[in-house]
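Subject: Structure handover

Hello,

Here is the structure for you to look over. My notes follow below it.

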Amino acid sequence: MKSPRPYSPRTGPTAALSLTERRKAATQLDIARAACELFAEQGPDSTTAEEIAHRAGVALRTFYRYFRNKQDAVAPLLAGGGEQWRALLAEEEPGTPLAEALERAVTRSLSGTVAVTEGLNWTRGLLRASAGDPALRAVWYRVNQDSEEELVPVVARLAGPSADPLQVRLLAAAATDAIRVSLEVWSETDAEATGPGSPAELAVRSLRELTRGMTILG
């Protein structure tokens with residue numbers, strides 16, 4: 001039997017995927033939602049891979065085709081927000097002031113639609129569940145590391161060919177951490193998904209604090 005593969009987030013428009021790839025992505029997301037629901041209902045420790053597969057309506061073999069373990073199953077939900085935020089930033093035109101482009105993309109990705117609010121609430125539940133589960137928290141950090149690495153070329157394109165590669169990397173790291181920390185802080189509160197104390201408001205504040213003085217921002 002082949003070794004199970006960890007979830008690997010994709011970037012780019014869904015239209016670029018083949019029908020088979022879209023079906024696989026949909027199955028992964030169904031499994032992720034089932035895992036999240038069960039973690040919220042009974043906690044990660046009391047949830048098995050078999051229960052997640054059953055809730056998602058797939059065979060256990062299918063579960064292990066995509067994920068190493070039950071904690072790994074939530075990665076598609078956690079990665080989805082990062083994919084959206086990078087896509088929004090990629091829409092910005094080169095030459096746009098970087099600080100302006102970053103804040104606009106962060107705000108758009110963390111507010112404005114029912115789908116965004118739903119995704120934020122999934123994330124809040126998972127972050128709360130991860131407090132007592134190191135393996136689940138490791139998935140969260142891995143997803144953020146992947147997102148940071150995939151953000152680098154997006155920032156580099158906007159910054160232009162003369163930008164210092166070190167500054168590009170630092171900005172990608174700061175932007176990723178601004179969102180990560182903001183979501184972690186928000187998840188510990190009962191603040192709404194919009195308005196004061198929301199992820200978007202916290203992320204813009206964090207971004208300004210972390211990037212203050214960066215020469216790449218001009």
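Helix 1 spans residues 19–42, 24 residues in total. From first C-alpha to last, helix 1 reaches 35 Å, close to the 34 Å expected at 1.5 Å a residue (1.5 Å times one less than the number of residues). Helices here are DSSP runs of H or I, at least four residues, numbered from the N terminus.

This is a predicted model: local features need pLDDT of at least 70, side-chain atom pairs pLDDT 80 or more, while totals for chains, interfaces and linings use all residues. Residues are numbered from 1 along each chain as its sequence is written, and side-chain values use heavy atoms, without hydrogens or water.

Q28, I31, A32, A34, A35, C36, L38 and F39 of helix 1 are buried (under 20% relative accessible area, 1.4 Å probe, protein chains only). They pack against helix 2 (49–56), helix 3 (60–66), helix 4 (75–90), helix 6 and helix 7 (134–159); contact means heavy atoms within 4.5 Å.

Helix 9 (residues 199–211) has 13 residues. Its buried residues include L202, A203, V204 and L207. Among the elements covering them are helix 5 (98–109), helix 6 (114–130) and helix 8 (165–187). G213 follows helix 9, with a positive phi near 90°.

Now the side chains. The charged end of R124 sits over the ring of W186, 3.7 Å from its centre (the cut-offs are NZ of Lys or CZ of Arg within 6 Å of the ring centre and within 35 degrees of the ring normal). F63 and F67 are both buried.

Best regards

Definitions and conventions:
Helix = DSSP H or I, 4+ residues; strand = E, 2+ residues; numbered from the N terminus. Buried < 20%, exposed > 50% of the residue type's maximum accessible area, 1.4 Å probe, protein only.
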